[in-house]
Amino acid sequence: MKTASLSTSPAVDAFRALHASGCFVLPNPWDVGSAVYLAHLGFKALATSSAGLAFTRGLPDASSALSRDETLAHIREIVTATRLPVNADFQSGFADDAEGVAESVRLCVGTGVAGLSIEDASGDPAAPLYERARAVERVAAARRAVDATGVPVVLTARCEAWLVGQRDPAHVAVDRLVAFAAAGADCLYAPGVRDPAIIATIVKAVAPKPVNVLVGAPSPELTRARLEDLGVRRISVGSALARVAWGGFMRAATSIAETGTFEGLAGAASFSELNALFAKLERAD
C-alpha cells in the first residue's frame, strides 16, 4: 500500500498523463477490497464514489448525509489501498461559499489524491444548481487552492444539469462547462448525458481540455470505443459497480427471507478464490 502524502507526485503525474491522449476507464470502488480488486484487474486509476460510500453507511447520496471529515477519511483509505492514482468525488466541496470550497479542496489534496471533482449542485430543491456566476467562482477558488498546495492534481468541474432535472440541460451544461474550463478546471464532466451528439458537442466546446463521461448502465451507444471516437478522454462508472454488488446481495437476501431456501447464494464469488487473491496481494505489498 502507498502512503498518502503531498509527495505522491508520481501518481499525480501518471494521472495527468492519462488525460493527455487516448481514452481510459476510471472505475469507482466503494471500499478497500473493491479498490484492491480493480487494481488487480489492471485499471490505471480509480475514483471514489459519494453514493458508493453513502450506501455502505446506510445513507442516501446527499451532500448533507456525510460530513467532510468522514468523506476525507474514506478518500484517504482508498488512496492508501493501492499504488494507483485516485480521483476524489468531492461533491460540492462541502461549502456554499468560494472560501469554504478552497479550504475543503486544500484538505482533499492533503489526502494524497491525484485528482478531485467539484460540482455545481447546491442541495437546495428550490434552486438545485448554484447561480452561474457563483458556480464559476467556486471552480476558480478550487483552482487557486490547488495551485497554492503546489501539487498539480487534476481539477474536474462538474455540471449536474441532467442529474437535477434542469430544463434544457444540454444548453446549461455546455455553457457552464465552457465557463468552468476558463476558470481553471483541467477536466470537464456533465454526469447524465447519454446522447452521442451532445457528448461530441461538449468535447468540441471545451477542447482541448479533456471530458469525462459517466456510464452507469448498459448502452450500445456508449462503449469505450465509441466514446473514444467522440473525443472523450475519461469514462467513469459512478455508483454502478457498488449498485451491481448491492443488486446481487439484495436478490440473494430477499430470496432467503421470502422462501427460506438458499438458492440465491449460487452466484456467490468463490471464498477460496477471493481469500487466495487477497492473501497473494497482501504478500506482494
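The legends below describe close-up views of a predicted model.

**View 1. The whole chain.** The chain contains 11 helices and eight strands. Its C-alpha atoms fill a box of roughly 55 × 40 × 40 Å along the principal axes. A compact globule of 285 residues would have a radius of gyration near 19 Å, and the value for this chain, 19 Å, agrees with that. Buried residues account for 46% of the 285 residues. Of the contacts between residues at least 6 apart in sequence, 67% join residues at least 24 apart.

**View 2. The open sheet and its edge at β1.** Eight strands make up an open sheet with parallel pairing, in the order β1-β8-β7-β6-β5-β4-β3-β2. The edge strands, β1 (24-26) and β2 (46-47), each pair on one side only. For β1 the partner is β8 (residues 234-236), and the two strands pair in the parallel sense over three bridges. Within this pair, F24 stands opposite R234 of β8.

**View 3. Two helices packed on the sheet.** Helix α1 (residues 9-18) packs on the sheet and touches β1, β3 (86-89), β4 (115-119), β5 (154-158) and β8. The direction of α1 makes about 125 degrees with that of β1. Helix α7 (residues 169-182) also packs on the sheet, where it touches β5 and β6 (187-189). The direction of α7 makes about 160 degrees with that of β6.

View 4. On one flank, β4 and β5 pair in the parallel sense over five bridges, with A157 in β5 as the bridge partner of I118. β5 and β6 also pair in the parallel sense, over three bridges, and the bridge partner of A157 in β6 is L188. β4, helix α6 (residues 132-149) and β5 form a right-handed β-α-β unit. A right-handed β-α-β unit is also made by β5, α7 and β6.

**View 5. N87 in strand β3.** N87 lies in strand β3. Its relative accessibility is 4%, so N87 counts as buried, the cut-off being under 20%. The N87 side chain reaches the backbone nitrogen of L116 at 3.1 Å. Beyond its neighbours within four places in sequence, N87 is in contact with residues including F15, L26, L46, A47 and T48. Its contacts also include G115, L116, S117, V154, T156 and R234.

View 6. In helix α2 (residues 32-40), the buried residues include S34, A35, V36 and L38. Elements that cover the buried residues of α2 include β2, α4 (68-81), α10 (240-259) and α11 (271-284). At the N-terminal end, D31 caps α2, with a side-chain oxygen 3.4 Å from the backbone nitrogen of G33. Just after the helix, G42 takes a positive phi of about 100 degrees.

Note on methods:
Residues numbered from 1 in each chain as written. Predicted model: local features only at pLDDT ≥ 70, side-chain atom pairs only at ≥ 80, totals over all residues. Heavy atoms only, no water. Pairing = 2+ DSSP bridges. Helix = DSSP H or I, 4+ residues; strand = E, 2+ residues; numbered from the N terminus. Contact = heavy atoms within 4.5 Å. Axes fitted to C-alpha atoms, helices over the stretch in contact; angles between N-to-C directions. Buried < 20%, exposed > 50% of the residue type's maximum accessible area, 1.4 Å probe, protein only. Polar contact = N/O pair within 3.5 Å; in protein donor to acceptor, adjacent residues only side chain to side chain. Right-handed = clockwise from strand over helix to strand, strands pointing away. Rg over C-alpha atoms; globule rule 2.2 N^0.38 Å.
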